[in-house]
Amino acid sequence: MISITVTALVFGVIFLAELPDKTALAGLVLGTRYRASYVFAGVAAAFLLHVVLAVAAGSVLTLLPQQIVHALTGVLFLGGAAVLLLKKGEEEEEIRRPADQSFWKVAGTGFMLILVAEFGDLTQIMTANLAARYDDPLSVGLGAVLGLWAVAGLGIVGGKALMRKVPLRLITQIAAVLMLALGVWSLWEAIAG
């Protein structure tokens, strides 16, 4: 059974954490060069693979005693908040344009870019933490995939307009505050439990 509450919470946290990430900018660049639907197909497949791996890792953590899981996820969330608050603005990376503009070439370029860039990324680690925290792999996985796909879609289709309206620094700070709150809450549960 899917928990709407867990799915919505995970969606919000992952969406906000991924929005200022370099992959949103990469999606924006790819979307300006290629057919958006082809780019999205490749990017979405790569994010799905990352979420499956992260949820599997987080599900393994649920085998540990609950207090250890809460303490571990609390520390990791606090570390993630620190990373978001301390990170400098990221520059757009150069993306090579494939000569062949076919679906498979464009989708493959998007897939490989995200697969490599996101491996071990903050949102993948956060997804594993959330899977361990809530012990609800389906709801966490759904929320994370939808959050990542929403950022990819925004990046590919309308990233420039969003960044003109909402300062990137504000988005980063909101994501960091959410992660800080989750970290403190997890540590409190570890101590109180």
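User: How do helix 1 and helix 6 pack, and at what angle?

Analyst: Start with the terms. Helices are DSSP runs of H or I, at least four residues, numbered from the N terminus. Axes are lines fitted to C-alpha atoms over the stretch in contact, and angles run from 0 to 180 degrees between N-to-C directions. In this predicted model, helix 1 (residues 4–18) packs on helix 6 (residues 122–134) at about 160°, with axes 10 Å apart. That makes the two helices roughly antiparallel (angles over 145 degrees). Their crossing is right-handed, meaning that the near helix is turned clockwise from the far one by less than a right angle.

User: Is Ala-17 buried or exposed?

Analyst: Buried means under 20% relative accessible area, exposed over 50%, partly exposed in between (1.4 Å probe, protein chains only). Ala-17, in helix 1, has 3%, so Ala-17 is buried. Its C-alpha lies 9.7 Å from that of Val-151, 134 residues away along the chain.

User: Which residues make the nonpolar surface patch?

Analyst: Patch residues have over 30% relative accessible area and no salt bridge, and nonpolar side chains are joined within 5 Å. A salt bridge is a Lys or Arg side-chain nitrogen within 4 Å of an Asp or Glu carboxyl oxygen. Here Ile-2, Ile-4, Leu-138, Leu-142 and Leu-146 form a patch of about 450 Å². Helix 7 (residues 137–165) gives the most, three residues. Leu-146 sits in helix 7 and is partly exposed, at 37%.

User: What are the ground rules for numbering and confidence?

Analyst: Residues are numbered from 1 along each chain as its sequence is written, and side-chain values use heavy atoms, without hydrogens or water. Local features need pLDDT of at least 70, side-chain atom pairs count only at pLDDT 80 or more, and totals for chains, interfaces and linings use all residues.

Methods: Patches are made of residues with over 30% relative accessible area and no salt bridge: like charges are joined within 9 Å, nonpolar side chains (Val, Leu, Ile, Met, Phe, Trp, Tyr) within 5 Å. Accessible areas come from the Shrake-Rupley method with a 1.4 Å probe; for residues, only the protein chains shown count as cover. Angles under 35 degrees count as roughly parallel, over 145 as roughly antiparallel, 65 to 115 as roughly perpendicular and the rest as oblique.
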